[in-house]
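This report describes the fold, the core, the pockets and selected residues of one protein model.

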Amino acid sequence: MLYSAVRHGLKSRQRFPPHVSSPATAPSSLPAASRRGSHADASPLTHASLLLRLRSGPALAEARRLHAALLVGGHRNGVVLAAQLVHVYARLGEIGHALRVLDGMPRRNSFAWNAAIKGLVDAGRFSEALKTYWDMVNDGSVAADAFTYPPVIKACAAPGAVEQGRLIRQHVDAGVARGDAKPNVFVQCALVDMFAKCGCLGEARSVFESMQDRDLPAWTAMIGGAVHAGEWLYAMNLFKRMRSEGFGADSVIVATIIPACGRAKELHTGTALHGCAVRCGVADVTCVCNALVDMYCKCGCLEMADYLFRSIRFKDVVSWSTLIAGYSQNGMYHLSVNLFAEMVNAAGLKPNSNTMASILPSLSELKLLGHGKEIHGFSLRNGLDQSKFLGSAFIDFYSRQGFVRKAETVFELMPKTDLVIWNSMVAGYAVNGDTESALCAFRALQKSGFKPDHVTVISVLPLCNHHSRLIQGKELHGYVVRHNMSSVCSVSNALIDMYCKCCCLEMGKEIFQLMTDRDTATYNTLISSLGKHGHEAEAIMLFDLMRRDGIAPDKVTFVALLSSCSHAGLIDTGLYFYDSMLQDYNISPDKEHYSCIVDLYSRSGKLDDAWKFISSLQEGAEIDVLGCLLGACRVHNRTDIAELVSKRIFEQNPSDPGYHILLSNIYADAGMWSDVTRIRTMIEERSLKNKTGNTLI
């Protein structure tokens with residue numbers, strides 16, 4: 001009879017009602033000794049000895065022998081032994097056996113249900129875990145307890161089943177209200193983690209604040225949820241509050257909170273946390289070192305990031321990927337590529353999908369299409385092509401190289417199960433100026449059941465920066481308001497930019513006034529727009545407000561200010577801002593700043609001061625800056641300075657016909673025809689020709 005059960009009972013898993021006796025309680029295969037039956041055993045095992053051996057954590061072969069002994073010894077209907085067997089199989093990863101034993105039990109206790117649910121969650125079978133939980137609830141013989149809820153709640157977080165999570169929270173609260181259970185810190189911690197991972201930070205915060213006793217994992221879950229939701233400042237405030245309540249910091253929570261400092265550009269707080277990690281003895285833990293490298297990279301402290309990276313004793317793939325991404329994010333593309341080569345060749349590590357997604361932006365900026373294709377081939381050979389982040393990176397890479405069709409091919413081959421892939425394709429069309437395709441993709445993702453998020457909106461809004469697309473821009477604005485995205489700073493920045501470029505300056509200013517959180521880009525966008533529309537005084541007042549709000553200006557801020565002063569002829573004010581940039585904010589000027597100063601002098605006719613400024617530049621003026629002054633020489637009829645400037649230009653780029661023609665025109669305006677002939681002859685001898693223009697007509 002036992003032999004028959006073993007041969008025929010486990011061919012496929014079936015659900016049996018509790019009142020039907022199932023042969024599936026037998027293991028699917030048994031060792032030869034067990035298959036020979038009870039004749040091989042001196043005496044059957046007792047209930048106590050079976051229970052003791054099942055609780056001892058047996059290996060799979062031993063578990064199967066004990067399962068057979070349980071059946072032979074007449075313990076088929078023993079609830080405690082069967083439940084322990086479910087637990088053993090689930091612990092060993094044999095979830096199929098565990099569920100068959102559970103199905104064959106005439107009565108199931110909470111231990112059996114909990115073991116099966118946890119086994120399913122550990123196996124990543126979250127939907128089945130939730131179904132088993134609801135089967136347990138509907139069975140009604142036992143109630144869920146503090147051991148049931150944590151794995152079930154975890155199952156809700158993985159597939160984003162937040163509605164089921166809310167129902168389970170109601171069950172938990174109802175049990176506490178009835179007095180059947182007391183508030184349990186493990187259950188509450190699981191709820192916090194689940195709501196945070198599902199993007200419901202408000203509900204996570206509600207559960208967290210209702211906790212009477214919070215342990216370190218509860219703080220870690222809440223802080224991790226805030227970081228996951230992008231609430232960097234809230235996460236840092238939570239950490240300070242945790243420390244004030246006397247909790248120490250372990251490596252997990254330190255590695256969780258440090259990236260928030262990088263994303264919020266809070267270098268001072270990040271440095272303080274670095275010191276905290278040293279004092280707590282976790283600064284040498286690899287995950288903490290990786291987080292510190294990431295923080296320093298995002299705060300622009302590349303030397304410190306590189307020093308920390310080199311000091312890590314046991315570098316993992318994450319360590320390398322973090323610094324590769326850091327170099328790329330800070331425009332150090334050659335260093336990023338060199339570090340990737342060092343990782344593969346010298347360290348001998350195999351890059352993962354995150355590493356490859358980190359190196360692709362650098363390859364894109366350096367126009368290394370061949371290397372990008374090699375990375376793509378490597379990902380295909382190693383089965384990494386289905387990673388949504390890597391797929392998104394490839395779409396972005398090919399789009400920025402102008403190969404939209406290749407990007408579309410990657411998009412078509414990717415499973416359309418995540419909004420990230422759609423966002424990348426929309427952004428790819430936008431980068432290449434294909435407005436119609438971008439808007440079509442935007443509508444297609446909505447038809448596919450996805451709701452555009454703030455990344456989608458930011459990708460599409462720049463396409464509406466023209467009068468002809470203002471209606472679509474207003475429709476997107478309505479979508480932003482209806483879906484509570486106005487609080488996302490980058491979305492409001494894009495709306496301000498869109499309205500200002502459509503000459504709706506008042507609407508842009510209204511959005512600015514409604515913003516509760518503003519960053520440097522917010523002020524830069526409006527200052528630049530005010531300057532372009534001739535409102536220089538308002539632009540300067542806005543810069544004063546920016547300083548009062550404690551927002552640090554950057555290079556773009558000063559380009560906008562200098563440009564505004566140049567158009568308004570405010571020489572002294574412009575020079576004040578230039579000196580402030582150097583002295584107060586320690587910002588190194590770029591060619592854009594130099595061009596603004598030259599333009600500032602030139603518009604006021606002070607070409608001698610402009611030439612003196614150019615001559616004072618230690619690294620030498622670039623051709624764009626010199627060209628700005630050469631153009632002003634024609635306006636103000638200064639052939640003397642034009643000759644000095646043109647000499648430098650021709651030294652840098654002797655084959656550009658545009659500047660030769662401009663100098664010839666300057667001589668012609670001054671009536672210096674011999675010099676005109678000389679320049680024209682030079683153009684002919686060098687075969688310099690302007691590129692022929694095209695017209696749509």
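The sections below go from the overall fold to single residues.

## Basis of the model

The structure is a predicted model, in which local features need pLDDT of at least 70 and side-chain atom pairs count only at pLDDT 80 or more, whereas totals for chains, interfaces and linings use all residues. Residues are numbered from 1 along each chain as its sequence is written, and side-chain values use heavy atoms, with hydrogens and water left out.

## Overall fold

The protein chain has 40 helices and zero strands, where helices (H or I, at least four residues) and strands (E, at least two) are DSSP runs numbered from the N terminus. Of the 697 residues in the protein chain, 46% are buried; here buried means under 20% relative accessible area, exposed means over 50%, and partly exposed lies in between, with a 1.4 Å probe and protein chains only. Among the contacts in the protein chain with a separation of 6 or more, 61% join residues 24 or more positions apart, a contact being heavy atoms within 4.5 Å.

## Nonpolar core

In soluble globular proteins, nonpolar side chains tend to be buried together. The largest nonpolar core in this model has 201 residues, and those with the most contacts inside it are Ile168, Ile223, Phe239, Ile257, Ile258, Ile527 and Leu629; such a core is a set of buried Ala, Val, Leu, Ile, Met, Phe, Trp, Tyr and Cys residues joined through side-chain atoms within 4.5 Å. Residues up to four places away in sequence not being counted, isoleucine 257 touches Ile223, Ala235, Met236, Phe239 and Leu273.

Valine 192 is found in helix H11 and counts as buried because its relative accessibility is 1%. Leaving aside neighbours within four places in sequence, valine 192 is in contact with Ala204, Val207, Phe208, Ala221 and Met222. Valine 192 and isoleucine 153 are 39 residues apart along the chain, and their C-alpha atoms are separated by 9.6 Å.

## Pockets

Rolling a probe the size of a water molecule over the atoms shows where empty space is left. On a 1 Å grid over the protein atoms alone, a cavity is a set of points where a 1.4 Å probe fits but cannot get out, a pocket is an open set with protein on both sides within 12 Å along at least five of seven lines, and lining residues have an atom within 4 Å of a point. Grid points are joined across faces, edges and corners, and a volume is the space filled by probe spheres set on the points. The largest pocket has a volume of about 2200 Å³. It is lined by 48 residues, of which Ala229, Gly230, Glu231, Ser487 and Val488 are the closest to its centre. Two or more lining residues come from each of helix H11 (185–197), helix H12 (201–210), helix H14 (232–244) and helix H29 (489–501). The lining of the largest pocket divides into 22 nonpolar, twelve polar and 14 charged residues, with Ala, Val, Leu, Ile, Met, Phe, Trp, Tyr, Cys and Pro counted as nonpolar, Asp, Glu, Lys and Arg as charged, and the others, Gly among them, as polar.

The second largest pocket has a volume of about 1600 Å³, and of its 32 lining residues the closest to its centre are Arg263, Lys298, Gln329, Pro361 and Val455. The elements that give two or more residues to this lining are helices H17 (286–298), H19 (317–329), H21 (353–365), H23 (388–400), H25 (419–431) and H27 (454–460), and the largest share, six residues, comes from H23. By class, the lining of the second largest pocket has 14 nonpolar, ten polar and eight charged residues.

## Cysteines

The structure holds zero disulfides, a disulfide being a pair of cysteine sulfur atoms within 2.5 Å. For cysteine 500 the closest cysteine sulfur, in cysteine 504, is 8.8 Å away, too far for a bond, and for cysteine 504 the closest, in cysteine 502, is 6.0 Å away, also too far for a bond. Cysteine 500 counts as buried at 1% relative accessibility, whereas cysteine 504 is partly exposed at 23%.

## Loop residues with positive phi

Most residues other than glycine have a negative phi. Lysine 367, although not a glycine, has a positive phi of about 60°; it lies in the loop between H21 and helix H22 (369–381) and counts as exposed at 56% relative accessibility. Asparagine 586, also not a glycine, has a positive phi of about 55°, is found in the loop between helix H34 (571–583) and H35, and is exposed, with a relative accessible area of 68%.
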